[in-house]
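The questions below go through one protein model, part by part. Try each one with the structure in view before reading the answer.

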Amino acid sequence: MKLTAEHLGARIHGRTLLDNVSLTIRPGETFALVGPNGSGKSTLLRLLAGLRRPTRGCVRVDGRPLAHLKRRTIARSIALVEQQAETSDRLCVRDAVALGRTPFLSPLRPWTDEDDTHVDRALDDVDMRSFADRLWHTLSGGERQRVHIARALAQQPRILLLDEPTNHLDIQHQLSILSLVRRLPVTVVIALHDLNQAMACDRVGVLDAGRLVALGPPEDVLTPERLWQTFRVQADSIGDPQDGRRILRFRQAP
Ligand SMILES: Nc1ncnc2c1ncn2[C@@H]1O[C@H](COP(=O)(O)OP(=O)(O)OP(=O)(O)O)[C@@H](O)[C@H]1O
């Protein structure tokens, strides 16, 4: 599924959060969105998910304006995992993940075994099946994060939008979630602070003060010059002795 942002602008109380952002996310690619704190990554993801209306411009899904689609129709195609998503304390893990099936349910389409299968698979994908009966408020930050990702996976989206999905996760679960996301046969946009994780994505977009200042393959975009201009850090790119892939090393500016 193709997702297109056309000249997107977002303003609030006279302040510009996004300025003329245009990009096309190609079907099936894993697209990393990077940028300093406050550069507009979460705002852009919310616009792409249809949760917030742009002040200017338009988001299209396979050419159709998102603004013309019903919320339920959007939820059948697009899932967003937000940074600070909350869930009712009274829910158990399984029920929290089952919420991902809501867009598919109706009086004429009640819960079926197929929904259970999707929930089980999503719990397995994030390694949370053994927590299925635990109450939400008993979970650690990283466990909650994994449940939110499972809920999005249970939604079987064709476009998955993830806002810093690895920020609470231990290294094993960071790697497994990222590798899962890359394997999924869906279009993924993922906001990341770890630029080496962004290096493993198909393409990268760099936001700086609400503007898209670079877009392309990671090696072409995450150059020492760009990292200095946007993040004000000195960076060196070195080769991984195992597989030759580029790794970024950072130093604070003198
Ligand atoms: N409702 C709001 N009212 C005022 N300012 C807002 C509002 N929502 C977002 N902002 C501002 O918009 C800017 C962009 O925020 P956004 O959350 O999109 O950045 P981000 O790149 O995701 O940041 P981070 O890396 O810190 O998560 C920030 O300066 C933020 O303070």
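**Ligand shell, sheets and domains**

Around the ligand stand Ile12, Leu17, Gly35, Asn37, Gly38, Ser39, Gly40, Lys41, Ser42 and Thr43, a residue being near a molecule if its C-beta atom, placed from the backbone, lies within 6 Å of it. Residues are numbered from 1 along each chain as its sequence is written. This is a predicted model, in which local features need pLDDT of at least 70 and side-chain atom pairs count only at pLDDT 80 or more, while totals for chains, interfaces and linings use all residues.

Q: Which element gives the largest share of the shell around the ligand?
A: Elements are DSSP runs numbered from the N terminus: helices are H or I with at least four residues, strands are E with at least two. The shell divides into 2 nonpolar, 7 polar and 1 charged residues, where Ala, Val, Leu, Ile, Met, Phe, Trp, Tyr, Cys and Pro count as nonpolar, Asp, Glu, Lys and Arg as charged, and the others, Gly among them, as polar. The largest share, 3 residues, comes from α1.

Q: What angle does the direction of helix α1 make with that of β1?
A: Strands pair if DSSP finds at least two bridges between them, and an open antiparallel sheet has the order β2-β1-β4-β5. Helix α1 (residues 41–48) packs on this sheet and touches β1, β2 and β4; contact requires C-beta atoms, placed from the backbone, within 7 Å. Axes are lines fitted to C-alpha atoms, for helices over the stretch in contact, with angles from 0 to 180 degrees between N-to-C directions. The angle with β1 is about 120°.

Q: Why is one side of β6 and of β10 left without a neighbour in the sheet?
A: The order of this open, mixed sheet of 6 strands is β6-β7-β8-β3-β9-β10. β6 (78–81) and β10 (211–216) stand at the edges, so each has a single partner strand.

Q: Which residue in β8 is the bridge partner of Ile159?
A: Strand β7 (residues 159–163) pairs with strand β8 (residues 187–191) in the parallel sense, over 5 bridges. The partner of Ile159 in β8 is Thr187.

Q: How far apart are the C-alpha centres of domain 1 and domain 2?
A: Domain 1 covers 1–77 + 157–218 and domain 2 covers 88–156, with bounds from an automatic or database domain assignment. The distance between their C-alpha centres is 23 Å.

Technical notes:
Contact = placed C-beta atoms within 7 Å.
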